[in-house]
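Have the viewer open while you read.

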Amino acid sequence: MKIELIKGDITKIQADAIVNAANSSLLGGGGVDGAIHRAGGKQILDECIEIRNRQGKCKTGEAVVTTAGNLPAKYVIHTVGPVWNGDEEKCSDLLVNCYQNSLKIAESLNVKTIAFPNISTGIYRFPKELAGKIAIDEVRNFKSEVIEKVIFVCFDDENEEIYKKLLEIH
Ligand code: AR6
């Protein structure tokens, strides 16, 4: 799997799937979640409501998928990152689950390119360097015959610098 780093807004990315850092309500919020729902339109929220009605809230570390409404992507994979509470082991395990479950859904949908935001590193306050290491490790360890490219989309300068360093991009 090829790994790419892009600085910018994930709603503009032309990938088969983009990942949303959602909350367990699946009903939208601030940060990247707000941006995706704003740019993607009502269809995404309607599908999230259907999922809520069918299976209830989305637990931390789990993921669900909707279409991508008005976005250039085909799918939005909504995953719920952990709120950082200082319990490094537990929070790390939950963040690992976010990446693994998102990649599994992508693979099941025959997704060739998938873009991830820096899950949990905004409102949920997960330490950025640790989150970046987990993200990159999980993508590198995920063996896929289907997914060809993973794009890490960094919105803030600090994450961009961290990912450049971790991916050894100069
Ligand atoms: N494109 C890409 N990345 C973005 C964008 C964007 N348009 N906007 C922000 N980011 P956050 P969390 C980055 O707070 O920490 C929501 O209210 C941002 O710089 O969006 O997982 C949800 O509903 C940061 O690096 O998500 C939840 O309640 C990263 O996205 C809660 O926030 C994640 O920041 C989830 O918190």
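UniProt, in an unreviewed entry, places the feature "domain: Macro" at residues 1-170; such positions follow the numbering used here, feature names are shortened, and annotations may be inferred rather than shown by experiment. Numbering runs from 1 along each chain as its sequence is written. Keep in mind that this is a predicted model: local features need pLDDT of at least 70 and side-chain atom pairs count only at pLDDT 80 or more, while totals for chains, interfaces and linings use all residues.

**The fold**

The protein chain has 5 helices and 6 strands, where helices (H or I, at least four residues) and strands (E, at least two) are DSSP runs numbered from the N terminus. Going along the sequence, you get the pattern β-β-α-α-β-β-α-β-α-β-α. Some overall values:

| Property | Value |
|---|---|
| Helix, residues 1-170 | 41% |
| Strand, residues 1-170 | 19% |
| Distance between end C-alpha atoms, residues 1-170 | 20 Å |
| C-alpha box along the principal axes | roughly 40 × 35 × 30 Å |
| Buried, of the 170 residues | 41% |

What radius of gyration does the protein chain have? The value is 15 Å, which agrees with the figure near 15 Å for a compact globule of 170 residues; the radius is taken over C-alpha atoms, and the globule rule is 2.2 Å times the number of residues to the power 0.38. As for contacts (C-beta atoms, placed from the backbone, within 7 Å), 73% of those between residues at least 6 apart in sequence join residues at least 24 apart.

**Around the ligand**

There are 25 residues around the ligand, and Asn-23, Gly-29, Gly-31, Gly-122 and Phe-155 come nearest. Strand S2 (17-22) and helix H1 (31-40) are the elements that give two or more residues to this shell, and H1 gives the most, with 4 residues. To count as near, a residue needs its C-beta atom, placed from the backbone, within 6 Å of the molecule. By type, the shell splits into 11 nonpolar, 11 polar and 3 charged residues. Here Ala, Val, Leu, Ile, Met, Phe, Trp, Tyr, Cys and Pro count as nonpolar, Asp, Glu, Lys and Arg as charged, and the others, Gly among them, as polar.

**A closer look at Asn-23**

Asn-23 sits in the loop between S2 and H1. Is Asn-23 buried or exposed? Asn-23 is buried, because 21 other C-beta atoms lie within 10 Å; the cut-offs are 20 or more for buried, 12 or fewer for exposed, and partly exposed in between, with C-beta atoms placed from the backbone. Leaving out residues up to four places away in sequence, Asn-23 touches Gly-29, Asp-33 and Val-80. Lys-59 is 36 residues from Asn-23 along the chain, and their C-alpha atoms are separated by 8.6 Å.

Key. Contact = placed C-beta atoms within 7 Å.
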